[in-house]
Amino acid sequence: MADHGYDEAMAAFYDAMAAEHAGDDSAFYRDLATASDGPVLELAVGTGRIYLDVLAARVDADGVDVSPAMLAVLRERAAERGLDPTVWEGDMTALDTDRQYDLIYCPFNALQHARSVDDQQATFASVHDALAPGGRFVFDVFVPDFELIAETYGEWQTERIDLEGNEHELRSRSRIVDEPRQILAVESRVLGPEGEVRYETRQRLSMLPYQQVELLARDSPFESWSVAGGFDGSDLEDGDTVQVWTLEPEA
Ligand SMILES: C[S@@+](CC[C@H](N)C(=O)[O-])C[C@H]1O[C@@H](n2cnc3c(N)ncnc32)[C@H](O)[C@@H]1O
């Protein structure tokens with residue numbers, strides 16, 4: 001998946017952006033990881049926003065990500081905290097590991113970077129093969145919200161982020177770039193204090209509404225699954241913004 005879009009520009013401001021948008025996922029995944037009996041793997045580990053806290057909690061944790069730029073930031077942050085990460089460059093559609101994990105988790109919409117049904121099916125199969133008996137696969141993806149799409153897509157949104165000790169302007173725009181397949185592109189620009197463009201980047205994601213995930217789960221080697229409407233475990237209901245899925249292989 002060469003065109004993942006997580007280049008050096010994205011890696012440079014990812015943490016500042018995620019600090020504004022990621023919500024209350026960190027504690028949820030850290031608690032899952034610390035409660036696991038065996039090793040855990042974060043899929044699409046990025047800059048280690050969640051992974052480094054899991055590692056600091058003394059969990060036997062690995063991470064994989066397709067982007068060398070994101071992993072380079074992760075390694076820097078780990079060194080600053082005196083942590084020793086086990087992460088490697090790899091694609092979630094074809095996990096290359098000999099380990100059997102008790103938990104594989106994939107936070108913050110990262111699964112939506114698998115944009116074709118082939119890639120989505122391959123990811124589910126690949127994760128299934130890397131799980132120990134009794135293990136589980138947990139991930140969250142957003143609920144496509146038609147009102148939000150109608151109101152904000154195509155329009156530049158502006159916010160302030162704290163980057164390198166200075167306030168910067170982050171402009172971002174989401175657009176549907178393939179309507180039949182429900183693929184969106186998110187463009188971002190970071191402007192420095194003088195209004196100069198510091199970073200510019202673009203990622204593409206697939207919408208993964210509930211019924212598509214359910215079909216993928218039914219088609220996968222997983223035996224059972226459940227979904228919550230948030231990180232508090234509540235039922236998925238109309239109006240929820242996030243779907244938190246748990247898939248389990250045959251015991
Ligand atoms: C939204 S970030 C999530 C990073 C981190 N898990 C977090 O919660 O902050 C998405 C990550 O997915 C990674 N990614 C995209 N496509 C991927 C693929 N096919 N295999 C592995 N990682 C991928 C990107 O490089 C990026 O680091």
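Q: Which residue of β7 stands opposite E159?
A: In β7 that residue is L170, where a strand is a DSSP run of E with at least two residues and a helix is a run of H or I with at least four, both numbered from the N terminus. Please keep in mind that this is a predicted model, in which local features need pLDDT of at least 70 and side-chain atom pairs count only at pLDDT 80 or more, while totals for chains, interfaces and linings use all residues. Residues are numbered from 1 along each chain as its sequence is written, and side-chain values use heavy atoms, with hydrogens and water left out.

Q: In what sense do β6 and β7 pair, and over how many bridges?
A: Strand β6 (residues 157-163) and strand β7 (residues 166-178) pair in the antiparallel sense over seven bridges, given that two strands pair if DSSP finds at least two bridges between them. They form a hairpin with two residues between them, and E164 in the turn has a positive phi of about 50 degrees.

Q: And what is the bridge partner of L170 in β8?
A: In β8 the partner of L170 is V190, and β7 pairs with strand β8 (residues 183-191) in the antiparallel sense over nine bridges. The hairpin of β7 and β8 has four residues between the strands, with Q182 taking a positive phi near 55 degrees.

Q: Switching to the ligand, which residues come nearest?
A: Of the 20 residues around the ligand, the nearest are Y14, E42, A44, R49 and D65, where a residue counts as near if one of its heavy atoms lies within 4 Å. By class, the shell has 12 nonpolar, four polar and four charged residues; here Ala, Val, Leu, Ile, Met, Phe, Trp, Tyr, Cys and Pro count as nonpolar, Asp, Glu, Lys and Arg as charged, and the others, Gly among them, as polar.

Q: How far is the polar side-chain atom of D65 from the ligand oxygen?
A: The distance for D65 is 2.6 Å, while a polar side-chain atom of R49 lies 2.7 Å from an oxygen atom of the ligand, and one of D91 lies 3.0 Å from a nitrogen atom of the ligand. The protein covers 99% of the 600 Å² of accessible area that the ligand has on its own, an area computed by the Shrake-Rupley method with a 1.4 Å probe.

Q: What about A44, where does that residue lie?
A: A44 is in the loop between β1 (40-43) and α3 (51-56), and its phi is near 60 degrees, a positive value in a residue other than glycine. Its relative accessibility is 26%, so A44 counts as partly exposed (buried means under 20% relative accessible area, exposed over 50%, partly exposed in between, with a 1.4 Å probe and protein chains only).

Q: Is N109 buried or exposed?
A: N109 counts as buried because its relative accessibility is 15%. This residue is found in the loop between β4 and α5 (117-129), and its phi is near 65 degrees, again a positive value in a residue other than glycine.

Q: Last topic, how many aromatic pairs does a search of the whole structure find?
A: The search finds 12 aromatic pairs, where rings of Phe, Tyr and Trp (its six-membered ring) pair if their centres lie within 6.5 Å, and planes under 30 degrees apart count as stacked, over 60 as edge-to-face and the rest as tilted.

Q: Why is the pair of Y29 and Y105 stacked?
A: The ring centres of Y29 and Y105 are 5.3 Å apart and their planes are at 25 degrees, so the pair counts as stacked. This pair links distant parts of the chain, with Y29 in helix α2 (residues 25-34) and Y105 in strand β4 (residues 101-106), 76 residues apart. Y29 is buried at a relative accessible area of 0%, and Y105 counts as buried at 0% relative accessibility.

Q: Which residues do ring pairs link into a cluster?
A: The cluster consists of F28, Y29, Y105 and F231, linked by ring pairs.

Methods
Polar contact = N/O pair within 3.5 Å; in protein donor to acceptor, adjacent residues only side chain to side chain.
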